[in-house]
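I opened this structure for a first look and kept notes as I went. Here is what I looked up, entry by entry.

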Amino acid sequence: MSTIDVSATGAAADAVARHVPQLVADRVASRLFAQDDTLWGEAAQDEASKRLSWTGLPRSSRPLVGEIAAIRSELQEAGYDRVVLCGMGGSSLAPEVICGTAGVPLVVLDSSDPDVVRGALTDLDRTVVVVSSKSGSTVETDSQRRAFEAAYREAGIDPTTRMVVVTDPGSPLDGQAREAGFRVVNADPAVGGRYSALTAFGLVPSGLAGADVEALLDDAELVADLLAADDEANPALRLGAAMAGTEPLRDKLVLVDAGTENVGFPAWAEQLIAESTGKEGTGILPVVAIGTEPAHLYADGTVVRLVATDSDDDGADGDSVVTVAGRLGAQMLLWEAATAVAGRLLGINPFDQPDVESAKAAAREMLDAGIGAGDDPAFTDGAVEVRALGGDWLGDAGSVDAAVDALLAGLDAEHGYVAVMAYLDREADADLEQVARDLFERTGRPVTFGWGPRFLHSTGQYHKGGPATGVYVQVTADPAQDLEVPGRDFTFGQFIAAQAAGDAKVLAEHGRPVLRLHLTEHDAGLARVRAALGRGA
């Protein structure tokens, strides 16, 4: 198998044959890598003009390799061997995949849950914290930074010796951190967050944790010219056409780990695809398969099988299947280019995220109004409070089981999907992800699972900006113990509650049905919710 390989069967292969010749004739690949901001139309041109430097990162990020190595050596000499990353979306998902694939430990803190944050505030004598925020004003990351600074000071440790800030030059965090004496590494400002895997956002925390970031860039550089070629064999053109060129559009992309060495890659691809394409009532919904490969295919879906680089797997039979192989750096550049191509075929701007911003604004409104104001449950079933938003679909349901049944009764059997959104501890409550598989077996429809609030920077955009075909289950809980955000007028518990409530509010305003299940007692409530969601699977 070559350095990177994309093969397709069925409707996906038909899409490749239909669209790639025209993409080649339009010189889409060479123009993309020449950073031509006109590829997505006049409306997208302003945003695209500031978001295309990712195409040159395999070369332009090289100076970071030595800088990271020097910082790591200095920290190791001082005895610091635990790296915690505070970041959201593209700032956390790429390092998580890079380090998972490299087999090196990295603590990723991408939650506002006070119990999760408190759990990361340990082993401070050996911990280095990387604070990553492109804008420099991401509230989740700023709150985590404040918590670590306070914890270090309380322990008698100078936080400036233990914290590394990654941000865009000129951001509020850039100036503030430099003035306070923190070490700052600037990222390329002409790269959007979800395309930033090969910038300082992906490389600094990964390199400090021990991943070989130079090899990552090498792998990407090996395929850069191939992906920039106006040639029908170009893997990015083929993958982009398979994603967004089927007729009628198969807008569900089921990502299956079929033996890839790139650990956690589907979650990174999910964020890239969903946030880039889910807008203007269209988009591609990435569905990370839970468990073994799907027992059946959706008529409106394409399955992507991610296989090992050295695999002799040449694809699988099916009515729309794509098989992709390649080393991690190469795959990251491939999927970024393919997603940009898919955006052109869909006729949307793949670089903005309007509905991510709307959810942030709604969360702020909830904080200002006071959590729970005017938000009485429809009913309580044992340790679960039940709320229904986005229409009068709940009916006379009086139990969690009945409420789930009522929500699923509105699921479009041909084009619908179910989204489960859990504002819980993704390590302690990891088993809950299995409900995605249970619901898939129960409904025969795609099911996504997202941990809040991190999914807000990923599939959250698609939920609101994509087609109105989803039904939504939100699971929340009171923390075991709340935690103050130093210097702020809210706690972590209040913040994550506002994020959940704000997200549900915006979904409802878009006409999406939302079932909110709040656990008043964690263990009993979670067992009740899991049983209700998995019932009949």
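**Entry 1: a residue to start from.** I began with Thr141, whose place is in helix 8. Helices here are DSSP runs of H or I with at least four residues, strands are runs of E with at least two, and both are numbered from the N terminus. Before going on, I noted that this is a predicted model, where local features need pLDDT of at least 70 and side-chain atom pairs count only at pLDDT 80 or more, while totals for chains, interfaces and linings use all residues. Residues are numbered from 1 along each chain as its sequence is written, and side-chain values use heavy atoms, with hydrogens and water left out.

Is Thr141 buried or exposed? Thr141 counts as buried because its relative accessibility is 2%; buried means under 20% relative accessible area, exposed over 50%, and partly exposed in between (1.4 Å probe, protein chains only). I then listed what Thr141 touches, leaving out residues up to four places away in sequence: Cys86, Gly87, Met88, Val131, Ser132 and Ser133. Contact means heavy atoms within 4.5 Å.

**Entry 2: the sheet.** Next I followed helix 8 (residues 139-154), which lies across strand 2, strand 3, strand 4 and strand 5 (163-167) and runs at about 155° to strand 4. For such angles, axes are lines fitted to C-alpha atoms, for helices over the stretch in contact, and the angles run from 0 to 180 degrees between N-to-C directions.

I traced an open sheet of 5 strands, in the order 3-2-4-5-6 and with parallel pairing. Strand 3 (107-109) and strand 6 (183-186) are the edges, each pairing on one side only. From one strand to the next, the twist averages 20°. Helix 6 (residues 90-102) also packs on this sheet, where helix 6 touches strand 2, strand 3 and strand 4, and its direction makes about 145° with that of strand 2.

I zoomed in on one pair: strand 2 (residues 82-86) and strand 4 (residues 127-133) are parallel, with 5 bridges. Two strands pair if DSSP finds at least two bridges between them. In this pair, Leu85 stands opposite Val130 of strand 4.

Entry 3: Most residues other than glycine have a negative phi, and most peptide bonds are trans. I went looking for departures. Glu247 and Pro248 are joined by a cis peptide bond, omega near -5°, and Pro248 sits in the loop between helix 12 (235-244) and strand 7 (252-257). The bond joining Gly452 and Pro453 is cis too, with omega about 5°; Pro453 lies in the loop between strand 14 (447-451) and helix 18 (459-465).

For positive phi I noted Gln35, near 60°, in the loop between helix 2 (28-33) and helix 3 (42-48). Gln35 is partly exposed, at 37% relative accessible area.

**Entry 4: the largest pocket.** How much space lies in the largest pocket? I got about 1,000 Å³. A pocket here is an open set of points on a 1 Å grid over the protein atoms alone, where a 1.4 Å probe fits, with protein on both sides within 12 Å along at least five of seven lines; lining residues have an atom within 4 Å of a point. Grid points are joined across faces, edges and corners, and the volume is the space filled by probe spheres set on them.

The lining has 44 residues, and the closest to the centre are Glu96, Arg426, Glu433, Trp451 and Arg454. Helix 6 gives the most to the lining, with 5 residues.
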